[in-house]
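User: Could you please walk me through this structure? I would like to follow it one step at a time.

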Amino acid sequence: MSALLKQILRWLCPHRFSWPHSGIDGQDYQVCLLCGTAFEYDVSTMRRTGRLVLPHTRKMLRL
Ligand SMILES: [Zn+2]
């Protein structure tokens, strides 16, 4: 899938989020179950920060 198409899907997606996950660096994140986009999650406020977690970061988390 092209980067442009992914960007359009992310923009159109209504976003349904999974339970928050903890990253290896201590940063929590939530992944959209529909488009797979990961967003930073702040457990102290129990809200997403709105910042994207980059795919290469998620790949590192799985190791
Ligand atoms: Zn989404």
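Predicted model: local features only at pLDDT ≥ 70, side-chain atom pairs only at ≥ 80, totals over all residues.

User: Is Val53 buried or exposed, and why?

Analyst: Val53 is buried, because 21 other C-beta atoms lie within 10 Å, and the cut-off for a buried residue is 20 or more.

User: Which residues make up the largest nonpolar core?

Analyst: The largest nonpolar core has 5 residues, namely Tyr29, Val31, Ala38, Tyr41 and Val53. At least two of the core residues come from E2, and at least two come from E3. In soluble globular proteins, nonpolar side chains tend to be buried together.

User: How far apart are Val53 and Tyr29 in sequence and in space?

Analyst: In sequence, Val53 and Tyr29 are 24 residues apart, while their C-alpha atoms are 7.5 Å apart in space.

User: And what is Val31 in contact with, leaving aside its neighbours within four places in sequence?

Analyst: With those neighbours left aside, Val31 is in contact with Ser18, Gly36 and Ala38.

User: Let us step back. How many helices and strands does the protein chain have?

Analyst: The protein chain has 2 helices and 4 strands. Starting at the N terminus, the order of elements is α-β-β-β-β-α.

User: What do the strands form?

Analyst: The 4 strands form an open sheet, in the order E1-E2-E3-E4, with antiparallel pairing. The edge strands are E1 (21–22) and E4, each of which pairs on one side only. As background, strands of a sheet pair through backbone hydrogen bonds, either parallel or antiparallel.

User: Please take the pairs in turn. How many bridges are there between E1 and E2?

Analyst: E1 and E2 (residues 28–31) pair over 2 bridges, in the antiparallel sense. Within this pair, His21 has Tyr29 in E2 as its bridge partner. Tyr29 is also one of the core residues listed above.

User: How many bridges join E2 to E3?

Analyst: E2 and E3 run antiparallel and are joined by 4 bridges. Here Asp28 has Tyr41 in E3 as its bridge partner. The two strands form a hairpin with 6 residues between them, in which Gly36 has a positive phi near 80°. Gly36 is among the contacts of Val31.

User: Then what joins E3 to E4?

Analyst: Strand E3 (residues 38–42) is joined to strand E4 (residues 47–53) by 4 bridges, and the two run antiparallel. Phe39 stands opposite Leu52 in E4.

User: How many residues lie between E3 and E4 in their hairpin?

Analyst: This hairpin has 4 residues between its strands, and Met46 in the turn has a positive phi of about 55°. Met46 is a residue other than glycine.

User: Is Met46 buried or exposed?

Analyst: Met46 is exposed, because 8 other C-beta atoms lie within 10 Å, and the cut-off for an exposed residue is 12 or fewer.

User: Turning to the helix, where is Leu12 found?

Analyst: Leu12 is found in helix H1 (residues 3–12). Leu12 is exposed, because it has 9 other C-beta atoms within 10 Å. From C-alpha to C-alpha, Leu12 and Cys35 are 9.5 Å apart in space, and they are 23 residues apart in sequence.

User: One last topic: what share of the protein chain is buried?

Analyst: Of the 63 residues in the protein chain, 8% are buried. As for contacts with a separation of 6 or more, 11% are between residues 24 or more positions apart.

Terms used
Residues numbered from 1 in each chain as written. Pairing = 2+ DSSP bridges. Contact = placed C-beta atoms within 7 Å. Core = buried A, V, L, I, M, F, W, Y, C linked by C-beta atoms within 7 Å.
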